[in-house]
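User: I am new to this protein and would like to learn how to read its features. Could you walk me through some of them?

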Amino acid sequence: METQEFVTRTSTICLESNSLVRVTILPGAHQALDDARENGMIMRNIMQGREYRALVDLRQMKSQDREAREYYTQPGHTPGLVAIALLIGSPMSRVIGNLYMGFSKSDIPTRLFTSEAEALRWLETFPISEAQPQVG
């Protein structure tokens with residue numbers, strides 16, 4: 001499978017061949033509810049019911065509305081995600097990451113990281129089901 005990449009107003013979403021969805025928030029982006037809904041729709045469409053791990057890079061994000069955070073933490077917002085690593089670095093991304101963790105009602109394991117390598121190692125500890133739906 002080749003890497004698929006989609007760009008929205010606030011994010012780049014890449015579906016990688018190693019069962020990883022990489023979401024990079026664009027530099028200076030402010031995410032509102034409509035942005036969160038668009039990103040969620042793209043992730044659901046490209047995942048097609050298969051299991052994936054997600055690496056979400058918040059380091060360049062400027063801000064995020066409360067409504068967008070609440071959308072992302074709704075149970076079942078992205079079926080098939082087995083774990084989410086939030087990559088933080090800037091003071092604002094740390095605030096957003098901590099708010100996400102504080103509001104999260106999700107049963108998806110989620111952790112904050114400052115190291116991409118550590119985040120990827122942690123994500124690899126979550127197995128992907130061998131019995132995946134057929135795509136295509």
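This is a predicted model: local features need pLDDT of at least 70, side-chain atom pairs count only at pLDDT 80 or more; totals for chains, interfaces and linings use all residues.

User: Which side chains make polar contacts with the side chain of Ser11?

Analyst: One is the side chain of Thr10, at 3.3 Å, and another is the side chain of Gln31, at 3.2 Å. Setting aside neighbours within four places in sequence, Ser11 is in contact with several residues, including Phe6, Val23, Ile25 and Asn39.

User: Now a helix, please. How many residues does α1 have, and what is its reach?

Analyst: Helix α1 has 15 residues, 33-47, and reaches 21 Å from its first C-alpha to its last, close to the 21 Å expected. Among its buried residues are Ala36, Asn39, Ile42, Met43 and Ile46. Seen down the axis of α1, the buried residues fall within an arc of 160 degrees, so they line one face of the helix. Just after α1, Gln48 takes a positive phi of about 50 degrees.

User: What about charged residues? How many salt bridges are there?

Analyst: The general idea is that side chains of opposite charge can pair when their charged atoms come close. A search of the whole structure finds 8 salt bridges. In one of them, the side chains of Arg9 and Asp35 meet at 2.6 Å, N to O. Arg9 lies in the loop between β1 and β2 and Asp35 in helix α1, so this pair ties together parts that are 26 residues apart in sequence. Arg9 counts as exposed because its relative accessibility is 56%, while Asp35, at 6%, counts as buried.

User: Where do Glu70 and Arg66 lie?

Analyst: Both are in helix α2, 4 residues apart, about one turn of the helix. Glu70 is partly exposed at 31%, and Arg66 is partly exposed at 42%.

User: Which residues do salt bridges that share partners join into one network?

Analyst: Those are Glu16, Arg22 and Glu116. Glu16 lies in strand β2 and is buried, with a relative accessible area of 17%. A polar contact of 2.8 Å joins the side chains of Glu16 and Arg22.

How values were computed: Residues are numbered from 1 along each chain as its sequence is written. Side-chain values use heavy atoms; hydrogens and water are left out. A polar contact is a pair of N or O atoms within 3.5 Å; within protein, one must be able to donate a hydrogen and the other to accept it, and residues adjacent in sequence count only if both atoms are side-chain atoms. Contact means heavy atoms within 4.5 Å. Helices (H or I, at least four residues) and strands (E, at least two) are DSSP runs, numbered from the N terminus. Buried means under 20% relative accessible area, exposed over 50%, partly exposed in between (1.4 Å probe, protein chains only). The expected span of a helix is 1.5 Å times one less than its number of residues. The arc is that of the directions from the helix axis to the C-beta atoms. A salt bridge is a side-chain nitrogen of Lys or Arg within 4 Å of a carboxyl oxygen of Asp or Glu.
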